[in-house]
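Have the model open as you read.

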Amino acid sequence: DEGVTRAMMGNRSSRRLTDKEKEATAWHEVGHALASLLNEKEELRVPVTKITILPRSQALGAAYFDDGDRVSYKKDEIEALLDRAFGGLVGEFIRYGQWSSGPSNDLQQATGWAERMVRDYGMSEELGYAQTIPHNNGMSRFGASVDEKVHAEVNRLLKESRARVEKRLRAGHEIHEALVKELVVKETLTAEEIKDVIRAHQK
């Protein structure tokens, strides 16, 4: 487990988090996990193998998902990936009323997926089926006006994802809070420990 984690996230950091940092990181990482585990569609829930608030490299914590080897995604599966990326930001927002700079990489990933939906995969009714991938000049073959529409459509997809996740996490707030308390104490939760907490607080 340590070898796999090191390969994915880098070496353990010698840095120790303050109590405030531990709590904030826990709300963030549990948010990622629950954005998937509480998805309304059971077939879109991806198992979480571990949540940790032990820093590695530049990351203060992480939620690990059992994605398997994927090469192709349906539209609702990509939307579930967007939701998962927004879990940390929304988790922070629900607890603190704002979010930190921590979700920067999450937003980068979510933006990338949403842009591919629009530009590459023909998954936008607004833009249709034509690919609008930028050329070397930074614009698509269809010009700046289409690029403006792409930006608007990507933002729409991201806003819809955030709204889905916020509704989901607010409904599961009791589970979220219970997992945060466990994580702050233990610093790492296994898949079974996560399932136990969810079962104990699920209505």
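## Helix packing and pockets

Helices are DSSP runs of H or I with at least four residues, and strands are runs of E with at least two, numbered from the N terminus. This is a predicted model, where local features need pLDDT of at least 70 and side-chain atom pairs 80 or more, while totals for chains, interfaces and linings use all residues. Residues are numbered from 1 along each chain, and side-chain values use heavy atoms, without hydrogens and water.

**Helix α2 and its partners**
- The axes (lines fitted to C-alpha atoms over the stretch in contact, with angles from 0 to 180 degrees between N-to-C directions) of α2 (residues 19-37) and α6 (residues 173-186) come within 9 Å and cross at roughly 130°.
- Residues of α2 including Trp 27 and Leu 34 meet residues of α6, among them Leu 179 and Leu 183 (contact means heavy atoms within 4.5 Å).
- With α5 (residues 144-171), the axis of α2 comes within 10 Å and crosses at roughly 100°.
- Gly 31, Leu 34 and Ala 35 in α2 meet Val 165, Arg 168 and Leu 169 in α5.

**Pockets**
- A pocket is an open set of points on a 1 Å grid over the protein atoms alone, where a 1.4 Å probe fits, with protein on both sides within 12 Å along at least five of seven lines; lining residues have an atom within 4 Å of a point.
- In the second largest pocket, the space is about 450 Å³.
- Helix α7 (191-201) gives the most to the lining of the second largest pocket, with six residues.

Technical notes. Grid points are joined across faces, edges and corners, and a volume is the space filled by probe spheres set on the points.
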